[in-house]
Amino acid sequence: MKRLFIWLLLGGLSPLAQAFDLQQLSEQLARPDVIHGQFIQEKHLRALPQPLTSKGRFVLAKNHGLLWLLQTPLQQDYRITPQGIARRDGGTWQTLPNKSAGAEQNRLFLAVLQGDSSGLQRDFDLNLSGQPQQWKLTLTPRSVLLKQIFKQINIDGGELVQRIELLETQGDRTVLRMQDSTHTKALSEAEQHDFAE
Amino acid sequence: MTLPSEHRLPRLFLILLLAVLALAGWQWRNGAPLSANLMELVPGTAPDALELIAEQRMQEPLNREVLLLVGHTERQQAITLAQTLGEQWQASGLFDKVQWTLQADLPALRTQLLEGRLAMLSAADRQQLIDQPQAFIQQRVQALFDPFSGFSLVPSQDDWLGLTGRIQNSQPQRGAIQLDVGSGALIAEADGKHWVLLRARTHGNAFDMDLPLQVADLLQRSRAQAGQTQGQLLAASGLLYAASGQQQASREITWVGGGATIGILLLLLLAFRRLRAWLAFVPVLVGILFGAVACVALFGRMHVMTLVLGSSLIGVAVDYPLHYLSKSWSLKPWRSWSALRLTLPGLSLSLATTCIGYLALAWTPFPALTQIAIFSAAGLIGAYLTAVCLLPALLKGVDLHPAQWPLRLCEHLLRAREALLARVRTPVLLGLLLIFCAGGLWQLTTKNDIRQWIGTPEQLTDEAQAIARITGFQPTSQFFLIRADNQSHLLERQTVLNERLEQLIALKKLEGYLSLNQLLSPPAEQQKVREALARLPAFWQPLLDLGVPVNALQTELAQLQALPVTDIDTALTGPLAEPYRTLWLGPTTDGVAAVVSLQGLNDAALLRVQTLDLPGVQLVDRLGDLNRVFAATQVSAAELKLASCVLILLLLTWPFGVGGALRVVALPLLAALCSLASLGWLGQPLTLFGLFGLLLVTAIGVDYAILMREQIGGAAVSLLGTLLAAVTTWLSFGLLAVSSTPAVSNFGLAVSLGLAFSFMLAPWAGHQAHATAVTEPAQ
C-alpha cells in the first residue's frame, strides 16, 4: 500500500472542515501551482537492523500530477496522472497495469489532488493539531479492510508537507521526508514533456 | 331411439372421468407439477455424463445468481444504496448469500500465498527465475524501493524473494471492477456513474416455479427505491429470464386459451342459438384434463410451453361435438344419439388421423414436441370419448334450431366455387396454385436458433449487455472440457491449450479465459522452480547489499525447498481459489477432468479448430450443438411427415379406396405446401417449429377433407361443418401466431395458414357414395 504515501503526501491538500482548520490547511497546501523538492524514503522493516533508504526528487504539479524521481540506490522514474501510473523504461513511459487495489489508491490520490475530500473522510478519521506554520495531521483508518493494513498515518508540515509516517499493522513503518520544497509558477520544459507523453 | 349401450356409456365414462380426476388430484398434491426449464425442452445432445456434469456446473451460477449493478453519479450514494439494498435482499429470505463487499480474509490469503510460492508462480515469472536469476533478484530490489508497486499482502521479512507479490500481481484481471478500500465495495465506473457490484445467490434455482417471480418482484421494488434517489439498477440473472418466460407464458395461456374459449363460445351461441350448445365445451375441458394427466404421468411434470402450445388444443377438441352438432342443419328433428351414430365413423377416422399427426411429433428427438404430442393426443382421446359417451346424454332432449345464416353463407360459397370452376377448370387452378407455391418456396428461408425459443424482452438483454460492458465480465456458454489420466497430465494439457488461447486473445478473438493452471503449475514445473531456487544464492548479493541478513535468506530458501508439491485439491482450498473451484470436476471413471471457462468469445468455430490435435480437450458448445440438431431434425421432421401421411393413407384406404384416400391425403399436403409458400411470400423464415406445425396441418386438414368427402347432410352442410371446425381451430392457432416467443408464433402462423388452405381445398375431396343414403336436402 505504498502508493498511499503519495496521495497522503497530498492528503493535506484536501479541504477538510475542522478546527484549525482543515479547510485552512487545504487552502494553504493548494496554493502553489508547482512544487519541486527532495525526498528521503526510509522503510523500517521489522527484520532489518537499519532502514532501506532511498532518495530522489519530486515534482508536484496542480493540474498535471506527480513525478517521483528515485535517484539512489537505484534510478527509477515514476509518474502519476489521471491516466494511471507509469514507469520510465529506457526512454519511454510504460503504464503499469492497474491492479485492483492499486488503481483504487490511484483514484483516491487523484480525488485528493482534485480537492475532493469525500474519499479521505470516508476512509479515515482525521485529527489536525498545531498552527499553520507547524501542524500535524493524524489519519486513523475506519474500515475493517484498511485497518488490516494500516495502524495510523501521520503527516507533519508547515507551509508545505514535510514528513509522512506510515505505520503498518504488521509492524513495518515507512517515513517519507520532503525537503527543500520550493514552489514555482510553471513546469520546466522537460517536466512538461514528461507529463505530456 | 336410444340404444341400451347408450344408456351405459355415460355411466362408464363418468367412472373413468372420476378416476382420471382422482389421479390428477394426486399428481397436484404438492402444488402444480409445472416446469419452466427451457433445457428440459431441448434434445439431449450430450450423451456423455461428464459433459452433462460440466454443463450443469457451468450453468448453475447462471440459474442461481443475480448480478446487480447499483449505479449513481455520486460514488458514496452508490455505496450507500448498495448497502441498503444488500440488507433488504438479505432480509427478504430469498437468498442464501448477498454480497456487495469483498470480505477479504487477509490471514488466509497470506497463508495461501506463502504455501503456494512454488506452485502458484506464473509461467512468465517461472521463466525469469529459471533463465535470468540475476534479473529476478534485480527486480526484487527495485520493488523494495518502489513506492508504487502496489500493496503486498505478505510482509517483506516473510518473503524476501518477493514470490508472493508476483503471484498476487499475476492473478488474472477480473474485468473492470475495482476495490474501494474504504468500504470494501467492488466498483466499476462507466457512463458517468459509479456502479457497485452486488451478487446474490438464491436458495433454489431458476426452475423453481415461484422463486423467479419473487426475485423479479423484489428487483422491481428495489428499482423503484433506487429511482427515488436518482440511482439506477442493472440486473442480470437466469432467474430474470425464467421470470419473464413464466409471466409471458401465463399471459399467453390467458390470451390464447381465453381468446379461443370466448370465440368458440360466441360462435356456438351464434350458430346454435341455445345456451345448451355450450355443453359442446365439456369435451374440451375433459380433453385438457386428460392431456395434463397423461403428460405429468409420463414426464413427471409439464412444461409451461406445453401449456401454451397445448392451449391450441381447445380449437381442435371442440371439432368433435361440432361434427354432430352441425348435423342439426340437415337432421330434422336433431336427436343427439342419432346424430352421433351418423357421424361416428367420421369422428373416429378424424380422431385416428389427428392422433397420427400429433404422435408423429412424439418421434422427434425434441422433448418439447414429445410433450406436446402426448398432451394433444391424450387430450383428443379425452375429448373424443366425452363427445361420444357423455355429451349426447347431456344433450338428450335438446332440439336444435340453428341459425340459418351460416348455412346460406356456405351455399353461397359453394355456388361461388361452382361459378369459378365454370370459368376456370380445376387443372388450371391447380397449375396457378403450383406457380404460387413455386414462387413462395423460392423465397423461403430457414432459420434455426435456440434463441427463437425464448421471447426475451429487450430490456433484459440490454441490461445484461450493459453489465458485460461495464464490468468486463462476458461469460460465454461455451467452454473447454479437459480430461487426462492424472492431475499432472491435466495441467500439462491445459498449458498447451492456454498457449493457443493466448494467441486468440492477441488476435482479439477472445477476451479471456479461466483455467486451473493459472492457479497452479504442473508438478514438473513446481520441481523446476524448486531447482532454480536452489541456485539462487549465487545471485542474491544485491539483496545482501541492502542489509537483508544472509541467514534470513537461507532460512527462507530452506522453507521453500521443504514446500511439498501442491495438488489441485490443496490449491483449491485457499481464498484465491474461489473463482477456480467450479472448474475442477475431480476424479472421473478414467482419470480426472476440468473445465476451462471463456470470456467474450466471438468465434466458436475458431475455438473448435484449436482442439483438433489436442487429445483430451473438447469444446462444449451446447448452443451450437443444439442449433445443429435443429437443422438436422428438419430433415427427419420431413420424413416423419411423409411417414404420417402414408399411415393416414393406409387408414383411409379402408373407407375410401385407394383413389379416394390419395385424394383426401393429397389435399392437406397441398395445403401444407401452400402454407410453406405463403411463409416465403410473407418473408417469414421456416423454423423447425413451423415445420412441425405443417405436420399438424396434414393431420387436421385430413379431417376437413374427410368431412367434405363424406358429405353427410349435403355439400353445404358438410362445408358448414368444416367451416365451423376450421374457425374454431383458427381461433386457437391464429392466437398462437401473436405469441412473443418466435418459435411459438412461427408455429401458430404455419398452422393457421395451412388450415386456411386446407379449408379452401377441402371441397375438392370428392364425394363418397354411401351404402345407406342419409342425405336429406338442406333446408
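The following legends describe close-up views of a predicted model. Local features are given only where pLDDT is at least 70 and side-chain atom pairs count only at pLDDT 80 or more, whereas totals for chains, interfaces and linings use all residues. Residues are numbered from 1 along each chain as its sequence is written, and chains are lettered from A and ligands numbered from 1 in the order in which they are written.

**View 1. Chain A and its helix α2 (residues 22-30).** Chain A contains six helices and 11 strands; helices (H or I, at least four residues) and strands (E, at least two) are DSSP runs, numbered from the N terminus. Of its 197 residues, 38% count as buried. A residue is buried if 20 or more other C-beta atoms lie within 10 Å of its own, exposed if 12 or fewer, and partly exposed in between, with C-beta atoms placed from the backbone. In α2(A), the buried residues are L22(A), L25(A) and S26(A). They line one face of the helix, because they fall within an arc of 95 degrees seen down the axis of α2(A); the arc is that of the directions from the helix axis to the C-beta atoms. These residues pack against β7 (124-131) and β8 (134-141) of chain A.

**View 2. Helix α19 (residues 487-506) of chain B.** This helix has 20 residues and reaches 28 Å from its first C-alpha to its last, close to the 28 Å expected at 1.5 Å a residue; the expected span is 1.5 Å times one less than the number of residues. Its buried residues are Q487(B), L490(B), L491(B), R493(B), Q494(B), L497(B) and L501(B). They lie on the same side of α19(B), because they cover an arc of only 155 degrees around the axis. The face turned away from that buried side carries the exposed residues E499(B), Q503(B) and A506(B). Among the elements covering the buried residues are β9 (475-484) and β12 (591-599) of chain B. Just after α19(B), K508(B) takes a positive phi of about 65 degrees.

**View 3. The largest nonpolar core, with 174 residues.** A nonpolar core is a set of buried Ala, Val, Leu, Ile, Met, Phe, Trp, Tyr and Cys residues joined through C-beta atoms within 7 Å. V70(B), A82(B), V196(B), L198(B) and V664(B) touch the most other members. Helix α25 (residues 622-682) of chain B gives the most to this core, with 18 residues. Apart from this core lies another, of 52 residues, among them I137(B), L161(B), I167(B) and A484(B).

Note on methods:
Two residues are in contact if their C-beta atoms, placed from the backbone, lie within 7 Å.
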